[in-house]
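Biologist: Before we look at single residues, could you show me how to read the features of a chain from its coordinates?

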Amino acid sequence: MFKNTLNKEVLNDISNLFFKEINGEGRYTEAVMEKISCSRSFVSKLRKNWSKNDGLIKLKDPTKTTVKEKQDVALNTGLKYFSIGTNCLKCSKDERYSSTGSCVACSKQRNQRNVGILDMSFNVEDNLPALTILDRTSRLESGLICNL
Ligand SMILES: [Zn+2]
């Protein structure tokens, strides 16, 4: 509904009302609500948008999709990877995991680094010293436990 009613002319009118508010000519929240039949909080959003964009209300470009939207599409179509159309700032590649949305190359690099820190290459059984299992009497005699 908003997309149809929020044309350039209407946005101009609303901008003028917000400009009047700035000049101390009252509040026009109700007037805007009536004009485009929206909620009070939507007027607040428009007002914030207007003041952030130096007296212009800038609507989201409907042709542009967010990363989240692209990720959702990839997930819904069962793809393991997706791209967002812009390269990663760290590695300059454009391939992301559908499940997490994180960069594939950076994730792999991070995992490699973690493997290096943990050094999982050794075999646990080979490096453990042979431990003797002592019975109760031996443990009492060696002083490992006391008989109370
Ligand atoms: Zn990356």
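**Reading loops and exposure**

Modeller: Let us start with Ser37, which is found in the loop between helix H3 (29–36) and helix H4 (40–52); please keep in mind that this is a predicted model.

Biologist: What is the phi of Ser37?

Modeller: Ser37 has a positive phi of about 40°, although the residue is not a glycine.

Biologist: Where does Asp54 lie, and what is its phi?

Modeller: Asp54 lies in the loop between H4 and helix H5 (67–76), and its phi is near 50°, a positive value in a residue other than glycine. Because Asp54 has 7 C-beta neighbours inside 10 Å, it counts as exposed.

Biologist: What can be said of Lys90, its place in the chain and its separation from Cys106?

Modeller: Lys90 sits in the loop between strand S1 (81–82) and strand S2 (96–97), and with 10 C-beta neighbours inside 10 Å it counts as exposed. The C-alpha atoms of Lys90 and Cys106 are separated by 7.6 Å, while the two residues are 16 residues apart along the chain.

Biologist: Which pattern does the chain follow along the sequence, and how many of its residues count as buried?

Modeller: The chain has eight helices and two strands, which follow the pattern α-α-α-α-α-β-β-α-α-α when read along the sequence. Of its 148 residues, 9% count as buried.

How values were computed
Residues numbered from 1 in each chain as written. Predicted model: local features only at pLDDT ≥ 70, side-chain atom pairs only at ≥ 80, totals over all residues. Helix = DSSP H or I, 4+ residues; strand = E, 2+ residues; numbered from the N terminus. Buried ≥ 20, exposed ≤ 12 C-beta atoms within 10 Å, placed from the backbone.
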